[in-house]
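Student: I would like to work through this chain with you. Shall we start from the overall fold and then turn to one helix?

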Amino acid sequence: MNILHICCNYSTTELYKNVITKLWEKGNYQYVYVPLRDSSLINKNLINCDNLDFNFLNILRPYHRILYKLKIAKTTKHLIHTHHDLQKFNVIHAHTLFSDGGVAYNLFKRFSIPYIISVRNTDINIFYRYMVHLREFSFQILKNAKKIIFINPSYKDELINNILPKKYRNIVEEKSEVIPNGISDFWFKNSGIKDRNDFEINKLLFVGQFTRNKNIIGLINTVTEANKKLMEPTYLTLIGKDRNDRYSGRVERLASTSNKVKIQCRLSNKEELRRFYQISDIYIMISLKETFGLTYIEAMSQGLPVIYTKGQGIDGFFKDGYVGFAVNPKDKEEIIAKIREININYEMISDRCKKAANDFNWNDIANQYLAIYLE
């Protein structure tokens with residue numbers, strides 16, 4: 001099978017590399033088209049294999065953030081110009097609805113190549129929220145797609161029930177699937193057994209970028225409140241500092257006022273990160289917006305119960321209480337109550353976490369995508 005991937009975010013995360021590698025292992029030819037606005041991202045996450053080609057093009061400019069139709073026209077033109085045999089492809093996978101899907105739709109109109117769409121965080125929380133004038137065009141992209149993939153159930157519900165006009169809802173619903181992201185095989189090979197030695201202490205862990213969206217200041221304030229209300233002392237380790245902006249400075253200053261909060265710089269070594277998962281009790285990331293959140297699944301693979309945001313990330317994959325709890329990220333009282341509830345049923349939840357994480361492996365996920373491509 002010949003697959004064309006249109007993926008403007010390819011260089012910014014390894015998740016696309018993982019699924020494309022698994023698809024390549026199954027004997028498919030793939031061409032990955034990566035339009036960029038930053039030349040430093042050229043060849044980032046490049047895979048050097050036969051039967052797999054990449055085209056990184058630094059063709060986007062800052063004004064394309066506003067002039068969407070111009071961006072899509074330019075990206076389409078360059079793709080046609082740089083690949084002279086587009087009709088060899090059996091399917092196009094556009095990895096975002098707006099930025100990649102617009103190009104796939106143009107190619108479909110010109111060459112009749114069927115395409116599928118993935119819907120992500122920026123589509124739901126940026127484009128649909130702030131670029132209302134593009135909604136009708138997006139509905140045409142969705143209407144003509146063969147399949148629509150959502151990374152989590154919450155975004156599927158949000159798009160179909162709260163964004164789409166009624167006349168499009170059944171059309172989109174019938175061809176929608178939820179396929180999550182996966183985690184590296186490393187976490188399955190090194191899952192180990194979670195042994196919580198000290199039930200007299202709550203050791204919370206956060207792993208991620210220090211950004212306003214991750215709501216780290218709210219998390220620190222919650223831990224401060226927890227130490228007033230819970231019998232057990234509650235500690236928080238924050239891993240991921242790699243910025244020196246104003247928000248990171250605020251996080252550091254607030255953390256320095258408490259002996260219960262520690263900050264650790266970003267860890268690229270998985271074994272070092274695994275050690276922190278092993279010595280922690282609960283993984284907590286209460287982002288304001290979250291497409292998926294791979295670190296939730298990494299933590300689960302190590303037996304950590306998780307606390308996550310309602311309507312975001314992994315919410316909807318599990319019944320509440322099965323691997324942890326969904327919470328309102330701004331409700332300290334609710335979060336503290338869920339920490340207490342996890343502690344009451346810790347061993348049972350921890351055991352379920354390890355089993356549930358097994359469903360998020362890239363090989364099975366690639367098989368789901370391949371079945372859709374073949375269809």
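Tutor: A definition to begin: contact means heavy atoms within 4.5 Å. Keep in mind that the model is predicted.

Student: What share of the contacts in the chain with a separation of 6 or more comes from residues 24 or more positions apart?
Tutor: Take the contacts with a separation of 6 or more. Then keep those between residues 24 or more positions apart. Their share is 72%.

Student: What radius of gyration does the chain have?
Tutor: The chain has 375 residues, so a compact globule would come near 21 Å. The C-alpha trace spans about 65 × 40 × 40 Å along its principal axes. The chain agrees with the globule value, at 22 Å.

Student: What percentage of the residues count as buried?
Tutor: Buried means under 20% relative accessible area. The accessible surface of the chain is about 16800 Å², with 47% of that on carbon and sulfur atoms. Of the 375 residues, the buried share is 55%.

Student: How far apart are the mean positions of the positive and negative charges?
Tutor: The chain carries 54 positive and 39 negative charges.

Student: Which residues of helix 11 are buried, and why do they lie on the same side?
Tutor: Helix 11 covers residues 270-279, and its buried residues are L273, R274, F276 and Y277. They share a side because their arc around the axis is only 160°.

Student: Which helices do the buried residues of helix 11 pack against?
Tutor: Their partners include strands, among them strand 8 (202-207) and strand 9 (234-241). The helices are helix 8 (185-189) and helix 12 (294-301).

How values were computed: Residues are numbered from 1 along each chain as its sequence is written. This is a predicted model: local features need pLDDT of at least 70, side-chain atom pairs count only at pLDDT 80 or more; totals for chains, interfaces and linings use all residues. Side-chain values use heavy atoms; hydrogens and water are left out. The radius of gyration is taken over C-alpha atoms; the globule rule is 2.2 Å times the number of residues to the power 0.38. Buried means under 20% relative accessible area, exposed over 50%, partly exposed in between (1.4 Å probe, protein chains only). Accessible areas come from the Shrake-Rupley method with a 1.4 Å probe; for residues, only the protein chains shown count as cover. Lys and Arg count as positive and Asp and Glu as negative; His and the chain ends are not counted. The place of a charge is taken as NZ of Lys, CZ of Arg, CG of Asp or CD of Glu. Helices (H or I, at least four residues) and strands (E, at least two) are DSSP runs, numbered from the N terminus. The arc is that of the directions from the helix axis to the C-beta atoms.
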